[in-house]
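I set down below, in order, what I looked up in this structure.

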Amino acid sequence: MLKLIILITLFITLNAEEPISPIPLEIDYNKEKALLGKKLFFDPILSKDKSTSCLSCHNVFDGGADSRNVSVGFEKRKGNIQSPTVLNAKYNFVQFWNGRAEDLKEQANGPLTNPNEHNMNPKIIEKVINNSISYKKEFNKVFHVNYVNYKLILEAIVEFEKALTTPNARFDKYLRGEINLTNIEEKGYKLFKHYGCITCHNGVNIGGNSFQKMGIFTDYINDNKYPDRSDITHNVLDKNVFKVPTLRNITKTAPYFHDASAKTLEIAIHSMSKHNLGIIIPDEDIKYIIRFLESLTGEQPKILDEI
Amino acid sequence: MKISKLLFIFIITGILSFIAIINFYFIQKDFTQKHKEFLININNLENSYADITNLILKNSIYVYINQDNIAITNKQLKQNFKKLQNSEILRDSSYADVKVNVDYLQKCMEESLQNVEIFLRINASVKNSLLFLSRHVEDAKILEDYDQKELLKARIILKHFNDTKKLQDLIYVTNKDYLLKSESTNKNVQRYIEDFNIHSNFLMANYPSFINITKKILENKARHQRIHMIKEEFSEISLHDFKALDKFATFLFTLFFFSFLTIIILLIKYQRENRKLQETYSSLEYSHTYDQLTELYNRRKFELDIEDQNKFKNPSLIIVNINDFRYINDIYGNDIGNILLKEFSKFIENQIEKFYESSIYRLDGDEFGIIFNNLNQNRILNIANNLEQSIINNSFIINNIKLEVRVNIAINNVKPILENADLALKQIKKSNKSNIGIFDEEQHLKQNVEENMKMVQTIKEALLDNRIIPFFQPIINLQASKIEKYEALVRLRLNDGTILQPFQFLEIAQKSSQYHEITKIMIEKTILVAIKYPKYRFSINMSMQDISDYKITDMLFNLLEKYKDTNAKIDIELLESEHLNDIKVVKKFIKKLHTYGSYILVDDFGTGYSNFSYFSELDIDIVKIDGSIVKEITNNKRKFHMLKSIKEFANGMDIKTVSEFVETKEIAQKLKSIGATYAQGYYFSEPLEQPLDDDKVVI
């Protein structure tokens, strides 16, 4: 009961503030593990033909996503969905477009074992890492083990991903009262709320905390079969339902939507408002909103500068 | 012995129950922990549900809201459920029903999570559409200008939509005309209406499921009932478990305290018995060293001192014997006799005191021994003469009676010192020439050899003529006033009918090969008599040396085996000696004897080598309390106390006692009054040639 009361008070106070919260400046992770994870993340040794690393489709230096419509992995095979950004992924409530992974560890296992991506299996990965003297040495240093098992490999990668946050976006600074937004940005934010984008794009990741259907007011038609929420729930009503993506660093993660159908933010906003808000937002307002979205681009994760 | 065994058992029980209590404490703690864990888990689950309900309510009210917390709370719900499901107590089979219900809750939870997901989806669009319509109607300048009627309608429709959401009641939107329609040809009017209708349509289509899903989340009766059921079921089972634990705890604590109390009681008892034993020991120790009456050293002490090479390097002994002391007793009574002995002892002590290297002993009733060290024969003879003279010159006045005491004094320094002195004393008495005599070795040897040779011949003839015979002295059960046993005693009958006592021939027989034959005859004849008198038990004397002699024991067991199917009841009386070299042999003997239903008696307990430690080691049935104690219980408190102590001590170990040398009625009655079981002695009967047919006895 006490917990409930605390929660209620907490919520009332929170609610008086903005529905978007800034990325914490202090994040909790084990640096040794994260740096080892970084090495693994960057290393194509983790794919069957040694062509693909995690970095191949998640360019952490520029948005953390893939600029290609679908990612290309093992033997140049193509993926079946647009690669979502790995930046701030730890703030998403579930992983993948359709939420099939509960957390980052479960997620990391996905691409590694996907035949179209890294095309590995845990045993082979263990073998590759244990055959590498330098990896063995580092794992021994960090985890104090003689044999590196798959769980530890995932743990290291996940630790790195936990460090991939982009704090200090202009908007975050504004939320913290450190700076003022420009009039244009501020107007964009007001429109963002006014048109109802905020209803789904809220929270620390400005999205990433709920599922939503593509095409509520007008159907969103796409010929390709994408793995949506119904793949998990086997419910017809969940067709075309996806996780609401984050809008952080959105200017760097084009193309947009799961099907990469929106090449620009203008198109994306236009499409979203038409299908999901039942509104046609004037081009002029879209421009304001984009200026607001630009203020969501944060600093590069510090871990990328660390060796 | 019994107490220590009991003590051991209860200490073990105590320790075991204590360990069980400790163990039980941990089990109970563990159980309580698990119990608490489960209750906490189920409360946490309920809390998570309450949190979600609260967040959903807020989300439906506020337009702009951060939904992160819903996602977080959903995760918490899942975690809390997993914790509940993994509650350790559910692994216990008695909670299987609870587990089934908990597992069922999983369905409820999955449904809840799905409902939340659906709610968030519909809620977002419903909120947006309602917001859009509100602003659209506010910003309706175009309708104001062109179609006031539709503007009014738009406001009514919006009101209905708002009411529906606020009141969560579909009645406001059923069968209502909810779309705008205008005759106006103005493009902007039509565009306005088109926008309005898109959202109006959307709300009409989605309100039912929105309200439905909201209600589903807010009032989940099935889940509430299920949780309630789990709680009830759980507390019922756990109450039962706690009660069982309580009972077990009570049992363990009772057992523990019972053992504890018993141990204390037993320890106290043990302590008491120990003290009694100590007392008996010390009084025995005193009586082993000192003569009770005269407080001089006693005969045992004399024997020890003689054996001790360091005490007297060059000893000479004089024996002072009071002439005709028996008559003093007969004429003046035992009391006067005893006082005289005391006075006489003091007198000798005073006379001898100045010769420091000497000790005085009371060797027998009227016989005193004095050992001198490093004194030549002449000096000793001088002392003896002086002593005799001073005794003659002294009158002992007791109770106004003047007593004249005459003594014979024997002197000897030849080993064996006492035996030779005795011989000298006998010589004095026989010759009647002088009152003082010195042992003459040469003369003695001559005489001795002659006598021995004669005795060997006598025994030989007696064996041939079947004149080795057992005599039987009855042993009386004092409480039942009847004869229960006989002690068989060896006798040798001479041709003229004179009966020889064992001390007169047995020692010589032992040195020849005749001893074995005598023992055999004794056993066999006793058995034959025992067959004739099946109502009595018969005991045969054997020494420790006899038991160590396998020829004798084999013979005994052969005879017992031979007559085993008769109704003869044969017991063995062990004569103690210092020759108890191998206690294992004795133990083995006793064990084997017991298989024939025979008892083992220990003779002469309370003097000589009788030792309490025998009794812890040997499985003895009866002890015979020595005559030197029994004889004096009516006039010597110390002896009476000793007898009682021995009796109680024996009782405590389930050993019966026989009091020997009961010579007067008083002694017999005193023994009977303190509950002594058996007695024998001249008061009842001297040894007889045949057991009596009538077993009745008057005490």
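**Entry 1. Terms and conventions.** I call a residue buried if 20 or more other C-beta atoms lie within 10 Å of its own, exposed if 12 or fewer, and partly exposed in between, with C-beta atoms placed from the backbone. I note that this is a predicted model, in which local features need pLDDT of at least 70 and side-chain atom pairs count only at pLDDT 80 or more, while totals for chains, interfaces and linings use all residues. Residues are numbered from 1 along each chain as its sequence is written, and chains are lettered from A and ligands numbered from 1 in the order in which they are written.

**Entry 2. Confidence.** I looked up pLDDT, the predictor's confidence in each residue, from 0 to 100. Chain A has a mean of 89, with 94% of its residues at 70 or more. Chain B averages 87, and 96% of its residues score at least 70. For the model I recorded ipTM 0.87 and pTM 0.58. Where in chain A is confidence lowest? It is lowest in helix α1 (residues 2-16) of chain A, at a mean of 50, and highest in α13(A), at 96. Over residues 9-16 of chain A the pLDDT is below 50, and this stretch has 4 contacts in the model beyond near neighbours in sequence. Where pLDDT is low, the predicted coordinates should not be read in detail.

**Entry 3. The two chains.** I took helices (H or I, at least four residues) and strands (E, at least two) as DSSP runs, numbered from the N terminus. Chain A has 13 helices and 2 strands; chain B has 22 helices and 16 strands. Of the 307 residues in chain A, 45% are buried. In chain B, 33% of the 699 residues count as buried. I treated two residues as in contact if their C-beta atoms, placed from the backbone, lie within 7 Å. In chain A, residues 24 or more positions apart account for 69% of the contacts with a separation of 6 or more; for chain B the figure is 69% under that rule.

**Entry 4. Where the chains touch.** I found that 25 residues from chain B and 28 residues from chain A take part in the contact. On the side of chain B, α1 (2-61), α2 (68-85), α3 (96-138) and α6 (187-218) each supply at least two residues. Which of them gives the most? α3(B) does, with 10 residues. By class, I sorted Ala, Val, Leu, Ile, Met, Phe, Trp, Tyr, Cys and Pro as nonpolar, Asp, Glu, Lys and Arg as charged, and the others, Gly among them, as polar. The side of chain B that touches chain A then divides into 11 nonpolar, 8 polar and 6 charged residues.

**Entry 5. Nonpolar cores.** A nonpolar core is a set of buried Ala, Val, Leu, Ile, Met, Phe, Trp, Tyr and Cys residues joined through C-beta atoms within 7 Å. The largest has 79 residues, and A:Phe192 and A:Ile289 have the most contacts inside it. Its largest share, 13 residues, comes from α3(B). Another core lies apart from it, with 61 residues, including B:Leu478 and B:Ile540. Leaving aside neighbours within four places in sequence, A:Phe192 is in contact with A:Cys197, A:Ile198, A:Ile289 and A:Phe292.

**Entry 6. A helix pair in chain A.** I fitted axes as lines to C-alpha atoms, for helices over the stretch in contact, with angles from 0 to 180 degrees between N-to-C directions. The axes of α9 (residues 183-194) and α13 (residues 283-294) of chain A come within 7 Å and cross at roughly 110°. Angles under 35 degrees count as roughly parallel, over 145 as roughly antiparallel, 65 to 115 as roughly perpendicular and the rest as oblique. α9(A) and α13(A) are therefore roughly perpendicular to each other. Among the residues making the contact are A:Tyr189 and A:Phe192 of α9(A), and A:Ile289 and A:Phe292 of α13(A). The contact has 7 nonpolar, 1 polar and 4 charged residues.

**Entry 7. Backbone exceptions.** Most residues other than glycine have a negative phi, and most peptide bonds are trans. A:Ile206 has a positive phi of about 50° and is found in the loop between α10 (197-200) and β1 (211-213) of chain A. Is A:Ile206 buried or exposed? A:Ile206 is buried, with 27 other C-beta atoms within 10 Å. B:Ser481 has a phi near 55° and counts as partly exposed, with 13 C-beta neighbours inside 10 Å. A cis peptide bond joins A:Ala254 and A:Pro255, with omega about -5°.
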